[in-house]
Amino acid sequence: MARQLLLAIVLFASSGSAWVQPACTADRYGNPACPPAGGQCTADRYGNPVCSPADGGVATNRVGEIVCGRGACVTDIHGEVMCSSVPRGAATLDRYGKAACTEGCEAGSAALCVRPR
């Protein structure tokens, strides 16, 4: 019984610490690249990391270009990446596949992306 309780505590503690870790990714050489606080990273077609701004989102558009937004991003029914216009804003699709975002949606932009060093 005590052993099971100890195992449950260890699993609970380790799951919480994993959730707090930033969403880091590795570049093509295996070096870690971490996003700004609350951001996300992904690798481009060449293996180079591309990150969203702080509290923003990142996605790949229909032509393979990585674009970012001030808030979370989704791909709508037409294949366009739409992002919340505010940091930490949410984005989802309605029942018709149209984007719905906190404080309104805006198209994802490569100019908002951050290239970590």
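Colleague: How many salt bridges does a search of the whole structure find?

Modeller: The search finds three salt bridges, a salt bridge being a side-chain nitrogen of Lys or Arg within 4 Å of a carboxyl oxygen of Asp or Glu. This is a predicted model, in which local features need pLDDT of at least 70 and side-chain atom pairs count only at pLDDT 80 or more, while totals for chains, interfaces and linings use all residues. Residues are numbered from 1 along each chain as its sequence is written, and side-chain values use heavy atoms, with hydrogens and water left out.

Colleague: Which residue does Asp-44 pair with?

Modeller: Asp-44 forms a salt bridge with Arg-115, with 3.1 Å between the closest N and O atoms. This links distant parts of the chain, since Asp-44 sits in the loop between strand 3 (41-43) and strand 4 (49-51) and Arg-115 in the segment after strand 11, 71 residues apart; strands here are DSSP runs of E with at least two residues, numbered from the N terminus.

Colleague: Is Asp-44 buried or exposed?

Modeller: Asp-44 counts as buried because its relative accessible area is 15%, where buried means under 20%, exposed over 50% and partly exposed in between (1.4 Å probe, protein chains only). Arg-115, at 52%, counts as exposed.

Colleague: And what does Glu-106 meet in a salt bridge?

Modeller: The side chain of Glu-106 meets that of Arg-70 at 2.8 Å, N to O. Glu-106 belongs to strand 11, whereas Arg-70 lies in the loop between strand 6 and strand 7, 36 residues apart.

Colleague: Switching topic, what order do the strands of the open sheet have?

Modeller: Three strands form it in the order 7-8-11, with antiparallel pairing, and two strands pair if DSSP finds at least two bridges between them. Strand 7 (73-75) and strand 11 (105-107) are the edge strands, each pairing on one side only. Strand 8 (residues 81-84) and strand 11 pair over three bridges, and Ser-84 stands opposite Cys-105 in strand 11.

Colleague: Last one, what is Arg-28 in contact with, leaving aside its neighbours within four places in sequence?

Modeller: Arg-28, in the loop between strand 1 (25-26) and strand 2 (32-33), is in contact with Tyr-46, Gly-47 and Asn-48, contact meaning heavy atoms within 4.5 Å. Its side chain also makes a polar contact of 3.5 Å with the side chain of Asn-48. A polar contact is a pair of N or O atoms within 3.5 Å; within protein, one must be able to donate a hydrogen and the other to accept it, and residues adjacent in sequence count only if both atoms are side-chain atoms.

Notes
Helix = DSSP H or I, 4+ residues; strand = E, 2+ residues; numbered from the N terminus.
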